[in-house]
Amino acid sequence: MHMVAFYNPSPNGGIERTGRTADITAPSARYPFEVTLHQGAIEAIFLDSMRELGLEVDRPIIPTALELSHDENELRDPQSYPVKVTLKHLDFGSEGQDDTEIVYAKFVVGADGAHSWVRKTLGIIMDGEQTDYIWGVVDLIPSTNFPDIRNRCAIHSSNGSCMIIPREGDKVRLYIQLSDKDVVVDKATGRVDKEKTKVGPEELLEVARKSFSPFTIEKAGEIDWWTIYLIGQRVAQKFSVHERVFIAGDACHTHSPKAGQGMNASMNDTHNLIWKMTYVLRGWADISLLRTYEFERRKYAQDLIAFDKKFSALFSGKPRTEECQDGVSHEAFLEAFQTFGAFSCGIGIHYSPSSIPSMPNITELKHQSLTSHQTVGMRILPHVFVRAADARPFEIQDLLPANTKWKLVVFVGDIGPGKIKQIERVAKLADDLGKSTGLLKRYEDGVFEILTICATVKECLNYTDLPEVLRPHWSRVLLDDVDMFGRTGGKGYDIYGVDPSQGAIIVVRPDGYVGTVTPLEGVKDLETYFDTFLIRTL
Ligand SMILES: Cc1cc2nc3c(=O)[nH]c(=O)nc-3n(C[C@H](O)[C@H](O)[C@H](O)COP(=O)(O)OP(=O)(O)OC[C@H]3O[C@@H](n4cnc5c(N)ncnc54)[C@H](O)[C@@H]3O)c2cc1C
């Protein structure tokens, strides 16, 4: 989806288009559009990839009991097995077959959805509330004269609101606002009582027809899938117990699907947790690093829900018309849409500083001014640089994959001919990094990767001009320069807000977020930073 269209009540009755704009409004989005692919297909990508590594998801199995040790020493030791989980195999039906399995685990992650058994078993409370907003969803191939059917649309009509999400092939998803008269809610569960509710896919389409007027919409063929839901906006009070049993995804947070962030946020939860858990399991990091999971992801979930509350209220509110002057105006909705654009495209994540426990002398923000456009705590900005050895252009995010390594992105500044002072500073940096008990030697092998970026044009620099420690491989030196045809690249130092006469080191975490920034003379600060959570081998 590249474009979004807005519709509001027309003075002549029905709806009319009040604007079209870019779907993605966050300037730092590498891909300024959204891709809609149904969840089953996305899950299949993960399952296939796991299968290639010899991993299968076991189904159908449910947990029936979970016990966590109270022994402090056991809980602190990452190599202990303090969690006992009893599992029941639902497909073990034959006589005499024991359907129970006991698993002793180092860690347990409950990614078991909005009604999480793990969360309830741990007694974790959800903060927040159910809203009165009731929506229906239908997936169909439409037959329509509506001109924006292949764009994302927000329709505010006097009959209720509607959102259009164009999907794979000719399919379209319609989100249709319902009134509480249409739907029976089970007071005990707070969920739609599907037995007593008389609304089905045909009724949903009938509501949509009225909201689309004067345009027409009919189904071409069968309705693929439909549902009705109430929006609940809740966040779990805790995301873990003793950093040994965690919950992730919908088990931790639920909100409306309007911004398309539920699964995205859920995947980012586990992406945040898993590199940390990998470090702890490998014995590379102190177990206290796992505390940052809840610190970072709960704050994000709260921010997302604050956004969702505003967005849902505007979406579900009555539109402004002659008769309803208090209603939601096109301008107010558009402003909210654009202000919160970073959330809708999933790059609004901003982790707070000092989430690493016991950070003593420096904070991650001490040298933030050296990269005035690259915020510490946010994802590294996308930009194209040219490789020094062969002038091939590369998007920097492709060179910083989530491969469990920390990346030191060293902006060495301009070290071209005659830049003696800067060349000396870079040589000193290389000495500091290469010391026998220095940053690159004091932890497990393979924790760091170096990427060096020079503010020098290709005619004036060989990759071999750099000290060896800053070019561990010929491919790891980039230039802030355009490609051979001037089509892409250049102005990278401006993008990150780095002064070429100063330089800076940007530390990128294994999940692609910037951990901290230091000057070229800041190796001591880096050592202090990493010593707080990485385990030294020297
Ligand atoms: C109508 C609608 C539209 C949506 N659109 C979007 C969108 O466009 N973009 C987006 O990012 N998100 C969207 N979402 C949200 C998204 O579907 C969820 O946020 C996401 O599925 C959460 O993933 P999860 O793994 O945490 O939980 P789930 O996907 O719910 O997975 C939980 C799993 O745990 C299993 N399980 C549960 N309990 C047990 C148990 N006791 N024992 C064994 N297994 C158990 C379940 O069978 C399931 O396989 C939408 C949701 C809805 C309802």
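**Strands, ligand and rings**

Modeller: β19 and strand β23 (residues 477-479) pair in the antiparallel sense over two bridges. This is a predicted model.

Biologist: Which residue of β23 is the bridge partner of V386?

Modeller: The partner of V386 in β23 is L479. In β20, V386 has P393 as its bridge partner.

Biologist: How do β19 and β20 pair?

Modeller: They run antiparallel, with three bridges between β19 and strand β20 (residues 393-395). The two strands form a hairpin with five residues between them. In that turn, A391 has a positive phi of about 60°.

Biologist: Switching to β10. Is strand β10 buried or exposed?

Modeller: Strand β10 (residues 160-166) is mostly covered, with seven of its seven residues buried. Both of its faces are covered. One side has G160, C162, I164 and P166, and the other has S161, M163 and I165.

Biologist: Which strands does β10 pair with?

Modeller: Strand β9 (residues 152-157) pairs with β10 in the antiparallel sense over five bridges. Strand β11 (residues 172-178) also pairs with β10 in the antiparallel sense, over five bridges.

Biologist: In what sense do β6 and β17 pair?

Modeller: In the parallel sense: β6 and strand β17 (residues 245-247) share three bridges. V108 has V245 in β17 as its bridge partner.

Biologist: On to the ligand. How many residues surround the ligand, and which are the closest?

Modeller: There are 21 residues around the ligand, and the closest are Q39, D250, G262, M263 and N264.

Biologist: What does the shell look like by class?

Modeller: It has ten nonpolar, eight polar and three charged residues.

Biologist: Which elements supply the shell?

Modeller: β3 (61-68), β11 and α5 (262-281) each supply at least two residues. The largest share, four residues, comes from α5.

Biologist: Which backbone atoms lie by oxygen atoms of the ligand?

Modeller: A backbone N or O atom of M263 lies 2.7 Å from a ligand oxygen. For N264, a polar backbone atom is 2.9 Å from an oxygen atom of the ligand. For G260, a backbone N or O atom lies 3.1 Å from a ligand oxygen atom.

Biologist: How much of the ligand does the protein bury?

Modeller: The protein buries 61% of the 990 Å² that the ligand exposes when taken alone.

Biologist: Last topic, aromatics. How many aromatic pairs are there?

Modeller: The count comes to 34 aromatic pairs. In one of them, the rings of F311 and F333 have centres 5.7 Å apart and planes at 20°, so the pair is stacked.

Biologist: Where do F311 and F333 lie?

Modeller: F311 is in helix α6 (residues 291-316) and F333 in helix α7 (residues 330-339), so the pair ties together parts that are 22 residues apart in sequence. Both F311 and F333 are buried.

Biologist: Why is the pair of Y351 and Y513 tilted?

Modeller: The planes of the Y351 and Y513 rings are at 50° and the centres are 4.9 Å apart, so the pair counts as tilted. This pair links distant parts of the chain, 162 residues apart. Y351 is in the loop between α8 (341-344) and β19 (384-387), and Y513 is in the loop between β24 (504-508) and β25 (514-518).

Biologist: Are those two buried or exposed?

Modeller: Y351 is buried, at a relative accessible area of 5%. Y513 counts as buried too, at 6% relative accessibility.

Biologist: Which residues form the aromatic cluster?

Modeller: W275, Y279, W284, W406, Y443, F448, Y529, F530 and F533 form one cluster.

Methods:
Residues are numbered from 1 along each chain as its sequence is written. This is a predicted model: local features need pLDDT of at least 70, side-chain atom pairs count only at pLDDT 80 or more; totals for chains, interfaces and linings use all residues. Side-chain values use heavy atoms; hydrogens and water are left out. Two strands pair if DSSP finds at least two bridges between them. Buried means under 20% relative accessible area, exposed over 50%, partly exposed in between (1.4 Å probe, protein chains only). A residue is near a molecule or strand if one of its heavy atoms lies within 4 Å of it. A polar contact is a pair of N or O atoms within 3.5 Å; within protein, one must be able to donate a hydrogen and the other to accept it, and residues adjacent in sequence count only if both atoms are side-chain atoms. Accessible areas come from the Shrake-Rupley method with a 1.4 Å probe; for residues, only the protein chains shown count as cover. Ala, Val, Leu, Ile, Met, Phe, Trp, Tyr, Cys and Pro count as nonpolar, Asp, Glu, Lys and Arg as charged, and the others, Gly among them, as polar. Rings of Phe, Tyr and Trp (its six-membered ring) pair if their centres lie within 6.5 Å; planes under 30 degrees apart count as stacked, over 60 as edge-to-face and the rest as tilted.
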